[in-house]
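User: I'd like to go through some side-chain contacts with you. Could we start with the charged ones?
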Amino acid sequence: KKLESWMYFPKKLSPRVRLLTLNKEPGLSFRLIRNVIFLLRREKPEIVNLHLDSVFNYFFLILSFFNFLLPSKISFFYTIHNTLISSNKKKFDIITKFNFPKINYICISPLIYQNFSSRYNYKTFHLIENGCAPVLTSHNFDKVKSDVSSLKLNSDTKIILAIGRISPQKNYQLMLEVIKDFEYENLRLI
């Protein structure tokens, strides 16, 4: 994907980091597969971190059909961010039938690790818990607090704000079940 002005991550990179983009467009691109192979051959990295499903899908194709074109000393690390749900079960059921010794599977939580290592006990999964920076108060704190207060029905109202895409791995169903058990009349879910 092309870098756009709103993208946060590239702005936070150290000047010592060289960011390369392959300008991925929507859909499957054989040109992208070729460009990735050329990039790996040119850069000869020791480690490649695969993060998103779409990235992994490309590398599945590359490692299945074009592995002989890659430098032999590359280790691949695939970071697994979601528990097993039907869509990634199907994908992993297929993937694990292939032997990709170069891929190291990294789970970011004990639950994800347990899900994958118990279902695919013939593969090796590693646990590296996801860390995050300390929470800091932004300069927008007072405005956001005022905005949230304006949503309250009265001073006893509790506001629950759920931010994220609506997908099974975010498990909004569990959140709704937990909220249902509250015996609190002044509760608003946004």
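Analyst: Lys143 forms a salt bridge with Asp147, their closest N and O atoms being 2.9 Å apart; a salt bridge here is a side-chain nitrogen of Lys or Arg within 4 Å of a carboxyl oxygen of Asp or Glu. This is a predicted model, in which local features need pLDDT of at least 70 and side-chain atom pairs count only at pLDDT 80 or more, while totals for chains, interfaces and linings use all residues. Residues are numbered from 1 along each chain as its sequence is written, and side-chain values use heavy atoms, with hydrogens and water left out.

User: Where do Lys143 and Asp147 lie?
Analyst: Both lie in helix H5 (residues 141-150), 4 residues apart, about one turn of the helix; helices are DSSP runs of H or I with at least four residues, and strands are runs of E with at least two, numbered from the N terminus.

User: Is Lys143 buried or exposed?
Analyst: Lys143 is exposed, with a relative accessible area of 53%, whereas Asp147 counts as partly exposed at 37% (buried means under 20% relative accessible area, exposed over 50%, partly exposed in between, with a 1.4 Å probe and protein chains only).

User: Which residues do salt bridges that share partners join into one network?
Analyst: Arg18, Arg42 and Glu43 are joined that way.

User: Switching to rings, how many aromatic pairs does the structure hold?
Analyst: It holds 9 aromatic pairs, where rings of Phe, Tyr and Trp (its six-membered ring) pair if their centres lie within 6.5 Å, and planes under 30 degrees apart count as stacked, over 60 as edge-to-face and the rest as tilted. The rings of Phe92 and Phe116 have centres 4.9 Å apart and planes at 70 degrees, so that pair is edge-to-face.
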